[in-house]
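I am opening a notebook on this chain. The entries below follow the order in which I looked things up.

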Amino acid sequence: MSAKPPETFNLDRLDTPIGVALLATDAEGFLRALDWEDHVPRLQELLRRQYGTVELNEARAPGDMRKALTAYFKGDLDRLGSIEWRVAGTPFQQKVWHALPKVAAGTTMSYGAMAAKLDAPNAMRAVGHANGSNPISVVLPCHRLIGANGSLVKYGGGLSRKKWLLEHEGVVL
C-alpha cells in the first residue's frame, strides 16, 4: 500500500492592518486556510491535522478573494461572505465552522451559546476546541466567540488581533 501523495495548496500573502495574512488556496481557488505570517508553524499544523502531508507553493490567491479581504479590512464587513472556502475536519468541527459565519459582524456569542445553538448544550469545551482548530481565521470568524463573562479568552492569532477584529466590526469591549 503506497502513501497518499501530499495535498498541494498555493500560499499567498496579504498585507492587513494587523499583520501579513497567509492565504492557502486549492487548485480550484477555494480558501483552505488563513493565518498570520508570525504563526507559520500553527498554519502548517492545522493543515497537517486536516489533510495529512501538505505542500505549500508560493502562488497568488484569486483576485476576488484578495479584493474581498482587502475590502473587509477597510470596513466593508459583508465582503467576507463572498469568499469561497472549504474545510476538512471532524463532523463536529465542520458543524462549528459552518456556524461561525452566522454570528453577525458586530456581535459576539459565548462558547456555551454556540454549543446550545448546535443542540449540544454541554459541549462548550468541544466548541472551544473546534474554534481553536479553525484553519480559516477572519473568514470563519472564530474571533466572535468569547467567554460567558465577556472575556476575550483565546485567539490563535493573538488577543491583540482578536480585540482589533472585534472593534473593527463595531463590538464595544
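**Entry 1: helix 2 and its end**

I started just after helix 2, where Gly75 takes a positive phi of about 120 degrees. I note here that the model is a predicted one.

Next I asked which residues of helix 2 are buried. Helix 2 covers residues 63–73, and its buried residues are Met65, Arg66, Ala68, Leu69, Ala71, Tyr72 and Phe73. I kept one rule in mind for reading such a list. An α-helix has 3.6 residues a turn, so residues three or four places apart point the same way.

Then I looked for the packing partners.

**Entry 2: the whole chain**

I find six helices and six strands. Read from the N terminus, the order is β-β-β-α-β-α-α-β-α-α-β-α. The radius of gyration is 16 Å, close to the 16 Å that the globule rule gives for 173 residues, so the chain is as compact as a globular protein of that length.

I also took the extents. The C-alpha trace spans about 50 × 40 × 25 Å along its principal axes. Of the 173 residues, 46% count as buried.

How much of the contact set links residues 24 or more positions apart? Among contacts with a separation of 6 or more, such pairs account for 58%.

On charge, I have 21 positive and 18 negative side chains. The centres of the two sets lie 6 Å apart.

**Entry 3: Val96**

I went to helix 3 (residues 91–99), which holds Val96. Is Val96 buried or exposed? Its relative accessibility is 0%, so Val96 counts as buried.

I set aside the neighbours within four places in sequence. Val96 is then in contact with Leu118, Val127, Ala130 and Asn131. I also checked one distance, to Phe30. Val96 and Phe30 are 66 residues apart in sequence, and their C-alpha atoms are 19 Å apart in space.

What lies 3.1 Å from a polar atom of the Ser137 side chain? I find the backbone oxygen of Leu34 there. Leu34 is also among the contacts of Ser137 beyond four places in sequence, along with Asp35, Trp36, Cys142 and Tyr155.

Val138 lies in that loop between helix 5 and strand 6 too. Val138 is not a glycine, yet its phi is positive, about 70 degrees. I checked its cover: Val138 has 0% relative accessibility and counts as buried.

Arg144 is a further residue of the loop between helix 5 and strand 6. Arg144 has a relative accessible area of 5%, and is therefore buried. Which side chain makes a polar contact with that of Arg144? The partner is Glu169, at 2.8 Å.

I listed the contacts of Arg144 beyond four places in sequence. They are Leu80, Val103, Ala104, Ala105, Thr107, Thr108, Met109, Leu166 and Glu169. For one more distance, I took Gly156. Arg144 and Gly156 are 12 residues apart in sequence and 13 Å apart in space, C-alpha to C-alpha.

I looked up Ser110 in strand 5 (residues 109–110). At 19% relative accessibility, Ser110 is under the 20% cut-off, so I log Ser110 as buried. Beyond four places in sequence, Ser110 is in contact with Leu145, Ile146, Gly147 and Ala148.

My last stop was the loop between helix 4 (111–117) and helix 5, where Asp119 sits. The phi of Asp119 is near 60 degrees, a positive value in a residue other than glycine. Is Asp119 buried or exposed? At 70% relative accessibility, Asp119 counts as exposed.

Technical notes. Residues numbered from 1 in each chain as written. Predicted model: local features only at pLDDT ≥ 70, side-chain atom pairs only at ≥ 80, totals over all residues. Heavy atoms only, no water. Helix = DSSP H or I, 4+ residues; strand = E, 2+ residues; numbered from the N terminus. Buried < 20%, exposed > 50% of the residue type's maximum accessible area, 1.4 Å probe, protein only. Contact = heavy atoms within 4.5 Å. Polar contact = N/O pair within 3.5 Å; in protein donor to acceptor, adjacent residues only side chain to side chain. Rg over C-alpha atoms; globule rule 2.2 N^0.38 Å. Lys, Arg positive; Asp, Glu negative; His and termini not counted. Charge placed at Lys NZ, Arg CZ, Asp CG, Glu CD.
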